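Try each task on your own before reading the solution.

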Amino acid sequence: MFRTQLKTALIVFIALTIVTGIIYPLFVTGVARIFFNDQANGSLIYADGKAVGSVLIGQKFDDPKYFWDRPSATSPVPYNSSSSGGSNLGPLNPALEKNVNSRIGKLKAFDPDNKKPVPVDLVTASASGLDPHISIAAAEYQLERVARARGVPGEDVEKLIKQHTEGRTFGLLGEPVVQVLQLNLALDTLTKK
């Protein structure tokens, strides 16, 4: 009796391992590659035939000629996709206030004539710490600095912002956002001309 039950359990174990550990993953991967190839490969962005980033993960930009992403709270380095997560600093935490003031100081140092209020998404990290988007207000806040640093008219930069603005999800969820990496790549193309 025990041997029969052990044999049955072993057969079920092997069968489930094959189905759930081999067949199902291969099937899901195949379907993803056929119907969602771009997403299955990480939604990569290419420039000059080389992968330079992903639509889904922000990157650190700190040169004044680029639009800056939202700050990242991942560790040990910013925008570390294997360590996604927010800072978990509460609104009354002195460390959060220090971080925000430091980020405001950096923005003001690179654009001292800008008297607009600093958009919150330029000084606070997203919940994932990897957000590749900024608000339209954050892009407009940086517009003059970027145009001046690149020596191009602000109107040209504003057109690029509009071209790289993504609308609300399903037309009603969230707010319109600007995809920073794609915008910065378009700026590089604009100034190469």
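## Exercise 1: Tyr46 and its surroundings

Tyr46 is in contact (heavy atoms within 4.5 Å) with Ala51 and Val52, leaving aside its neighbours within four places in sequence. Before going on, note that this is a predicted model, in which local features need pLDDT of at least 70, side-chain atom pairs count only at pLDDT 80 or more, and totals for chains, interfaces and linings use all residues. Residues are numbered from 1 along each chain as its sequence is written, and side-chain values use heavy atoms, with hydrogens and water left out.

Task: Find the element that holds Tyr46, then decide whether Tyr46 is buried or exposed.

Solution. 
- Step 1: Tyr46 sits in strand β1, residues 44-47. Helices (H or I, at least four residues) and strands (E, at least two) are DSSP runs, numbered from the N terminus.
- Step 2: The relative accessible area of Tyr46 is 55%, so Tyr46 is exposed. The cut-offs are under 20% for buried, over 50% for exposed and partly exposed in between, with a 1.4 Å probe and protein chains only.

## Exercise 2: The largest nonpolar core

Task: Say how many residues the largest nonpolar core has, and which element gives the largest share.

Solution. 
- Step 1: A nonpolar core is a set of buried Ala, Val, Leu, Ile, Met, Phe, Trp, Tyr and Cys residues joined through side-chain atoms within 4.5 Å.
- Step 2: The largest one has 27 residues, and Phe67, Ile134, Val157 and Ile161 have the most contacts inside it.
- Step 3: Two or more residues come from each of α3 (94-110), α4 (136-150), α5 (154-163) and α6 (180-192). The largest share, 6 residues, is that of α4.
- Step 4: Val157 touches Phe67, Leu143, Ala147, Val152 and Leu187, leaving aside neighbours within four places in sequence.

## Exercise 3: Ile104 in α3

Task: Locate Ile104 and classify its accessibility.

Solution. 
- Step 1: Ile104 belongs to helix α3.
- Step 2: Its relative accessibility is 26%, so Ile104 counts as partly exposed.
- Step 3: Not counting residues up to four places away in sequence, Ile104 touches Val118 and Val123.
- Step 4: From Ile104 to Leu122 there are 18 residues in sequence and 8.2 Å in space, C-alpha to C-alpha.

## Exercise 4: Lys115

Task: Locate Lys115 and decide whether it is buried or exposed.

Solution. 
- Step 1: Lys115 lies in the loop between α3 and β3 (133-135).
- Step 2: With 70% relative accessibility, Lys115 counts as exposed.
- Step 3: Lys115 and Ile23 are 92 residues apart in sequence and 60 Å apart in space, C-alpha to C-alpha.
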